[in-house]
Amino acid sequence: MPAALVVSDSVVIPDAELVWRFSRSSGPGGQGVNTTDSRVELIFDVAASTALSPALKARALARLGSATITIAASEHRSQLRNREAAQRRLAQRIREAIAPPPKRRRPTKPSRGSVERRLAGKKQRSEVKRLRREL
């Protein structure tokens, strides 16, 4: 299944940069779980990658906190489906790490109408409470 991992339109990670490890999985699988290596670990070294531009690499390293990403998948009975699940999760994790920062919020002041409505509501509430005290 050697194929490049497509993260986005501009980022494609070659298969040579992905390290796969397989082991026996716990969980569903019956007797086959003891003999097949269906658990998958997918390891990607962000710092050594040639697929990411220096700017994207710096952004990813700052957000991830470590240079390598390790994804473990063992939710399916077959190794192939676990490999696909691990690739999906790695692609999603990298997309989140290289996403541009959100736009900064421009501070605004409340409109005159919203201030007046807020004050009218407070006056009405205090009037209700004042009337309760008179009873």
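This is a predicted model: local features need pLDDT of at least 70, side-chain atom pairs count only at pLDDT 80 or more; totals for chains, interfaces and linings use all residues.
Residues are numbered from 1 along each chain as its sequence is written, and side-chain values use heavy atoms, with hydrogens and water left out.

The predictor's confidence in each residue is expressed as pLDDT, from 0 to 100. The protein has a mean pLDDT of 88, and 92% of its residues reach 70 or more. Secondary-structure elements are DSSP runs numbered from the N terminus, with helices (H or I) of at least four residues and strands (E) of at least two. Confidence is lowest in strand E1 (residues 5-6), where the mean is 86, and highest in H3, at 96.

Helix H2 has 20 residues and reaches 28 Å from its first C-alpha to its last, close to the expected 28 Å; the expected span of a helix is 1.5 Å times one less than its number of residues. The buried residues of H2 are Asn 82, Arg 83, Ala 85, Ala 86, Gln 87, Leu 90, Ala 91, Ile 94, Ala 97 and Ile 98. Their cover includes E1, strand E2 (12-13), E3, E4, H1 and E5. Ile 94 is in contact (heavy atoms within 4.5 Å) with Val 7, Ile 13, Phe 44 and Ile 69, its neighbours within four places in sequence being left aside.

Ile 13 also features in the surroundings of Ala 4, which touches Val 12, Ile 13, Pro 14 and Asp 15 when residues up to four places away in sequence are not counted. Ala 4 is located in the segment before E1 and, at 43% relative accessibility, counts as partly exposed. Its C-alpha atom is separated by 8.4 Å from that of Ala 16, 12 residues away along the chain.

Charged pairs were examined next. Side chains of opposite charge can pair when their charged atoms come close. A salt bridge is defined as a side-chain nitrogen of Lys or Arg within 4 Å of a carboxyl oxygen of Asp or Glu, and the structure holds five of them. In one of these, the closest N and O atoms of Arg 21 and Glu 41 are 2.6 Å apart. Arg 21 belongs to strand E3 (residues 18-23) and Glu 41 to strand E4 (residues 39-45), so the pair ties together parts that are 20 residues apart in sequence. Arg 21 counts as partly exposed because its relative accessibility is 46%, whereas Glu 41, at 14%, counts as buried. A network of salt bridges links Arg 21, Arg 39 and Glu 41.

A further salt bridge joins the side chains of Glu 75 and Arg 89, at 3.4 Å from N to O. Glu 75 lies in the loop between strand E5 (68-73) and helix H2 (79-98), and Arg 89 in helix H2, so this pair ties together parts that are 14 residues apart in sequence. Glu 75 is partly exposed at 40% relative accessibility, as is Arg 89 at 35%.

In helix H3 (residues 112-134), Arg 130 and Glu 127 lie three residues apart, about one turn of the helix. An α-helix has 3.6 residues a turn, so residues three or four places apart point the same way. Arg 130 and Glu 127 form a salt bridge, with their closest N and O atoms 2.5 Å apart. Arg 130 is partly exposed, with a relative accessible area of 32%, and Glu 127 is likewise partly exposed, at 34%. The side chain of Arg 130 is also joined to that of Glu 134 by a polar contact of 2.3 Å. A polar contact is a pair of N or O atoms within 3.5 Å; within protein, one must be able to donate a hydrogen and the other to accept it, and residues adjacent in sequence count only if both atoms are side-chain atoms. Arg 130 and Lys 57 are 73 residues apart in sequence and 62 Å apart in space, C-alpha to C-alpha.

Note on methods. Buried means under 20% relative accessible area, exposed over 50%, partly exposed in between (1.4 Å probe, protein chains only).
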